[in-house]
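This report describes how parts of a protein chain pack and pair. Please look at the sequence and structure below before reading on.

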Amino acid sequence: MTETETETETFEAIRYTADVVLKDTDGRVLLIDRRWDPYEGCWALPGGHVDPGETSLAAAVRELREETGIEVAAAELRQLGVWDAPGRDPRGRYVTVAYLAIVPAGTRPTAGSDARRAVWWPLDALPTMAFDHADILTAAV
């Protein structure tokens, strides 16, 4: 087997994403109602694909703004970790970097782009979550 054949057999396309756990000072977390498949109509953390030439941190800031209308400076986001389990997304292999930020109570979201709604949820009464976002939330709290 040649070197090229070995590389082809072991290559796996990996997509890079960023997710945000946004909490308010009342201890609630912001979730979006997904507008598209997979998991259309399910609750998820704000987040999405990292664009070419963009860092995951910049993508987290952008996706949060696009999906919830909330602007958080990159310096206010703290990295929680990387989630990369095979099968975490039905579309294929996705690796996400998750971030945490805290905003004042009363911060109002406005659903946009990929979100039907953006709603503050109490941590003790969360809905069923899309992907592995419940695991990310567990790590955040």
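## Helix H3 and its cover

Helix H3 spans residues 133-140, and His133, Ile136, Leu137 and Ala140 in this helix are buried (under 20% relative accessible area; exposed is over 50%, partly exposed in between; 1.4 Å probe, protein chains only). Seen down the axis of H3, these buried residues fall within an arc of 100°, so they line one face of the helix. The arc is taken from the directions from the helix axis to the C-beta atoms. An α-helix has 3.6 residues a turn, so residues three or four places apart point the same way. Helices (H or I, at least four residues) and strands (E, at least two) are DSSP runs, numbered from the N terminus.

This is a predicted model, in which local features need pLDDT of at least 70, side-chain atom pairs count only at pLDDT 80 or more, and totals for chains, interfaces and linings use all residues. Residues are numbered from 1 along each chain as its sequence is written, and side-chain values use heavy atoms, with hydrogens and water left out.

The cover over the buried residues of H3 includes strands E1 (14-24), E2 (28-34), E3 (43-44), E5 (78-83) and E6 (93-103); contact here means heavy atoms within 4.5 Å.

## Strand E1 and its partners

In E1, eight of the 11 residues are buried, making the strand mostly covered. E1 pairs with E6 in the parallel sense over 11 bridges, where two strands pair if DSSP finds at least two bridges between them. Leu22 stands opposite Ala101 in E6. With strand E4 (residues 47-49), E1 pairs in the antiparallel sense over three bridges, and Thr17 has His49 in E4 as its bridge partner.

## Salt bridges

The structure holds 11 salt bridges, each a side-chain nitrogen of Lys or Arg within 4 Å of a carboxyl oxygen of Asp or Glu. Some of them are listed here.

| Pair | N to O distance |
|---|---|
| Asp33 and Arg117 | 3.2 Å |
| Arg116 and Glu40 | 2.5 Å |
| Asp89 and Arg91 | 2.6 Å |

Asp33 lies in strand E2 and Arg117 in strand E7 (residues 115-122), so this pair ties together parts 84 residues apart in sequence. Asp33 is buried at 5% relative accessibility, while Arg117 is partly exposed at 44%. Elsewhere, a network of salt bridges links Asp51, Glu54, Arg62, Glu63 and Glu66.
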